[in-house]
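Trainee: Could we go through this structure together? I would like to start with the contacts along the chain.

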Amino acid sequence: MSTKTIRIYESPEELALKAARGFARLADQYVVGSGRFTVALSGGSTPKAMLSLLAEPPLRETMPWSSICFFWGDERCVRPDHQDSNYRMASEALLSKVPVPPENIFRIPAELDPDRAAQQYETSLIGFFLKDAKSTGTAPLSNVRRFALVMLGMGPDGHTASLFPGTKALEATDRIAVANYVEKFKTHRITLTATTINNARNVTFLAAGADKAETLRNVLEGPYQPQIYPSQMIRPGHGALVWMIDRAAAQSLSEQ
Ligand code: 6PG
């Protein structure tokens, strides 16, 4: 059974605070329940404030850092120290400030050839979740590659992760992660596929700003057009989908 919830906050600051608290609550729930919390982070600017709040008291003190495993939903094809790197953003905002064991951080090796980077990331995901299934004694197949949480953003063009309108990755239903050529940037990105994201137990979108309002209405209230609005492809089969948005981004929604 899957659920979909839309939560609207007055400001980007309130959105970041509620997102940080929600992240902390889920982390506790999964660590208590299964000993581990597996989360795929998104890139872009919106999650940065949430990550920074997690690195500060009081949340910093209560988080089960040693039981959290960090992955990424997508990455730009740059070195990890490059200013455009999603890994670098998360590392500067959070991971370099909290006691997460290095072996719990599974970044996308996006400095490699794009296809090789995607394959290596897939291999590390399969290896991790199979080991996880063995250590928690759960049936491998049903649990393979089920993130506890996938964090996502949405671009003004309706893309999410690096699933951009009209790109090949939208068709890659049998893959875990792929290299995706994005014409408008004339470069590749590495991204989890919609199939992998939809297999997660929880998926949370963070979206803020008036520049997303029209697209958000089309994504949430318009006809299903995934080639134009890839964010519409995100419909977890057996998970909870939560949209956390600010008032500016929600301004065109029929229900506010
Ligand atoms: C990326 C992201 C991307 C992002 C959206 C929204 O690597 O850029 O993963 O999908 O979430 O572009 O970005 P903002 O939060 O900056 O609006």
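Trainee: What share of the contacts with a separation of 6 or more joins residues 24 or more positions apart?
Mentor: In this predicted model, such pairs make up 75% of the contacts in the protein chain with a separation of 6 or more. A contact means heavy atoms within 4.5 Å.

Trainee: What should I know about the model itself?
Mentor: Local features need pLDDT of at least 70 and side-chain atom pairs count only at pLDDT 80 or more, while totals for chains, interfaces and linings use all residues. Residues are numbered from 1 along each chain as its sequence is written, and side-chain values use heavy atoms, with hydrogens and water left out.

Trainee: How many of the residues are buried?
Mentor: Of the 256 residues of the protein chain, 53% count as buried, meaning under 20% relative accessible area with a 1.4 Å probe, protein chains only.

Trainee: Now the helices. Which residues of H2 are buried?
Mentor: In helix H2 (residues 46-54), they are Pro47, Met50, Leu51 and Leu54. Helices are DSSP runs of H or I with at least four residues, and strands are runs of E with at least two, numbered from the N terminus.

Trainee: Why do they line one face?
Mentor: Seen down the axis of H2, the buried residues fall within an arc of 100°, so they line one face of the helix. The arc is that of the directions from the helix axis to the C-beta atoms.

Trainee: And what covers them?
Mentor: The cover includes helix H1 (12-34), strand S2 (37-41) and strand S8 (202-207).

Trainee: How many helices and strands are there overall?
Mentor: The protein chain has nine helices and nine strands.

Trainee: What does the C-alpha trace span?
Mentor: Along its principal axes, the C-alpha trace of the protein chain spans about 45 × 40 × 40 Å.

Definitions and conventions: Buried means under 20% relative accessible area, exposed over 50%, partly exposed in between (1.4 Å probe, protein chains only).
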